[in-house]
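Here is a briefing on side-chain packing, charge pairs and ring pairs. Look over the model before reading on.

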Amino acid sequence: MDIVYKEKNVTLVHADAFEYLKSLKNESIDIVITDPPYFLSNDGFSNSGGKFVSVNKGDWDKDNGSSEEFYSILLSEVYRVLKKDGTLWIFGTMHNIYTIGYLLKKYDFKILNNITWQKTNPAPNLSRRMFTHSTETILWAKKNTGKQVFNYDLMREENGGKQMKDVWSTSTTSKGEKRFGKHPTQKPVSILSRIIKASTTEDMTILDTFIGSGTTAVAALLNNRKVIGVDNQLEYLNIAIKRIKNIDSEKVGKIK
């Protein structure tokens with residue numbers, strides 16, 4: 001494990017996620033935000049700009065028949081390191097979210113919300129044999145005996161004085177957010193910023209176990225939160241460092 005970047009509110013670590021989690025003390029983290037591999041790299045094809053492209057993202061996204069074991073280790077370690085009232089946000093799609101949902105209950109988590117991220121500009125389905133995939137799911141969960149932070153009044157204020165619903169709409173990640181390089185599963189800053197504003201206070205520490213190109217770190221710094229980001233791909237961490245160093249030029253897109 002190597003710390004590749006550190007300043008007052010952010011630490012980036014080049015390490016295997018499980019190795020890093022196992023190095024942490026019990027109940028030492030306030031909130032975990034994680035976007036684990038979906039294991040979709042199966043030599044198939046998808047759509048990018050109206051063209052057929054490979055769905056393969058890298059060896060880290062290939063399912064060798066052990067995806068359930070992977071998620072089990074992740075959730076058991078996350079449960080151990082979360083504080084009593086800590087919470088977990090975990091991203092997925094229809095391909096893996098039902099497995100994750102089943103395992104959350106198995107490892108004594110209670111699901112608080114099933115957030116649907118609706119993409120306003122999804123890639124069309126070139127096969128024409130099913131509906132266009134235009135959503136991803138974000139599960140928000142706590143320990144069964146815990147009491148989560150939820151900044152209800154702030155979320156209501158940001159929603160025009162009405163209770164905020166569990167369907168959030170944004171475009172896919174903008175070119176501006178990828179100006180220092182691309183990550184194949186990069187999420188918009190607006191999504192991570194809403195998560196952080198909704199469920200944390202300024203004295204909390206956020207852990208992202210698969211931080212990739214650093215969106216969680218950017219959103220945390222924009223909201224004056226402390227963040228630890230871990231990834232085993234140095235090329236993506238280098239993108240994250242560039243984004244952090246140029247955070248004043250980061251533009252947050254619209255979210256409804």
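Glutamate 27 is partly exposed, at 47% relative accessibility; buried means under 20% relative accessible area, exposed over 50%, and partly exposed in between (1.4 Å probe, protein chains only). This is a predicted model: local features need pLDDT of at least 70, side-chain atom pairs count only at pLDDT 80 or more, and totals for chains, interfaces and linings use all residues. Residues are numbered from 1 along each chain as its sequence is written, and side-chain values use heavy atoms, with hydrogens and water left out.

**Salt bridges**

- The whole structure holds ten salt bridges, each a side-chain nitrogen of Lys or Arg within 4 Å of a carboxyl oxygen of Asp or Glu.
- Glutamate 27 bridges to lysine 143, with the closest N and O atoms 3.9 Å apart.
- Glutamate 27 sits in the loop between helix 1 (17-23) and strand 3, and lysine 143 in strand 8, so the pair ties together parts 116 residues apart in sequence. Helices (H or I, at least four residues) and strands (E, at least two) are DSSP runs, numbered from the N terminus.
- Lysine 143 is buried, at 5% relative accessible area.
- Lysine 197 and glutamate 158 meet in a salt bridge at 2.9 Å, N to O.
- Lysine 197 belongs to helix 5 and glutamate 158 to helix 4 (residues 152-158), so this pair links parts 39 residues apart in sequence.
- Lysine 197 is partly exposed at 21% relative accessibility, and glutamate 158 is partly exposed at 37%.
- Arginine 179 pairs with glutamate 250 in a salt bridge, their closest N and O atoms being 3.2 Å apart.
- Arginine 179 lies in the loop between strand 9 (167-170) and helix 5, and glutamate 250 in the segment after helix 7, so parts 71 residues apart in sequence are tied together.
- Arginine 179 is partly exposed at 32% relative accessible area, while glutamate 250 is buried at 9%.
- A network of salt bridges links Asp35, Lys119, Glu136 and Lys187.

**Nonpolar cores**

- The largest nonpolar core has 31 residues, of which Leu12, Ile33, Trp89 and Ile195 touch the most other members. A nonpolar core is a set of buried Ala, Val, Leu, Ile, Met, Phe, Trp, Tyr and Cys residues joined through side-chain atoms within 4.5 Å.
- Elements giving two or more residues to this core include strand 2 (10-14), strand 3 (29-34), strand 6 (82-92), helix 5 (189-199) and helix 7 (234-245).
- Another core, of 29 residues, lies apart from it; among its members are Leu75, Val78, Ile97 and Val230.
- Tryptophan 89 touches residues including Ile31, Ile33, Ile115, Trp140, Trp168 and Ile195, not counting residues up to four places away in sequence. Contact means heavy atoms within 4.5 Å.

**Strands**

- Strand 1 (residues 2-6) and strand 2 run antiparallel, joined by four bridges. Two strands pair if DSSP finds at least two bridges between them.
- A hairpin connects strand 1 to strand 2 through three residues.
- Tyrosine 5 stands opposite leucine 12 in strand 2.
- Asparagine 113 is in strand 7 and is partly exposed, at 29% relative accessible area.
- The C-alpha atoms of asparagine 113 and leucine 139 are separated by 5.9 Å, although these residues are 26 apart along the chain.
- Asparagine 113 touches Ile138, Leu139, Trp140 and Asp166, not counting residues up to four places away in sequence.

**Aromatic pairs and charges over rings**

- The whole structure has ten aromatic pairs. Rings of Phe, Tyr and Trp (its six-membered ring) pair if their centres lie within 6.5 Å; planes under 30 degrees apart count as stacked, over 60 as edge-to-face and the rest as tilted.
- Phenylalanine 39 and tyrosine 71 pair edge-to-face, at 5.7 Å centre to centre and 65 degrees between the planes.
- Phenylalanine 39 lies in the loop between strand 3 and strand 4 (45-48), and tyrosine 71 in helix 2 (residues 67-81), so the pair ties together parts 32 residues apart in sequence.
- Phenylalanine 39 is buried at 14% relative accessibility, and tyrosine 71 is buried at 2%.
- Tyrosine 79 and phenylalanine 109 also form an edge-to-face pair: 5.2 Å centre to centre, 90 degrees between the planes.
- Phe18, Phe39, Phe70, Tyr71 and Phe210 form one aromatic cluster.
- The charged end of lysine 119 sits over the ring of tryptophan 117, 5.0 Å from its centre. A charge sits over a ring if NZ of Lys or CZ of Arg is within 6 Å of the ring centre and within 35 degrees of the ring normal.
- Arginine 194 lies over the face of tryptophan 168, 5.1 Å from the ring centre.
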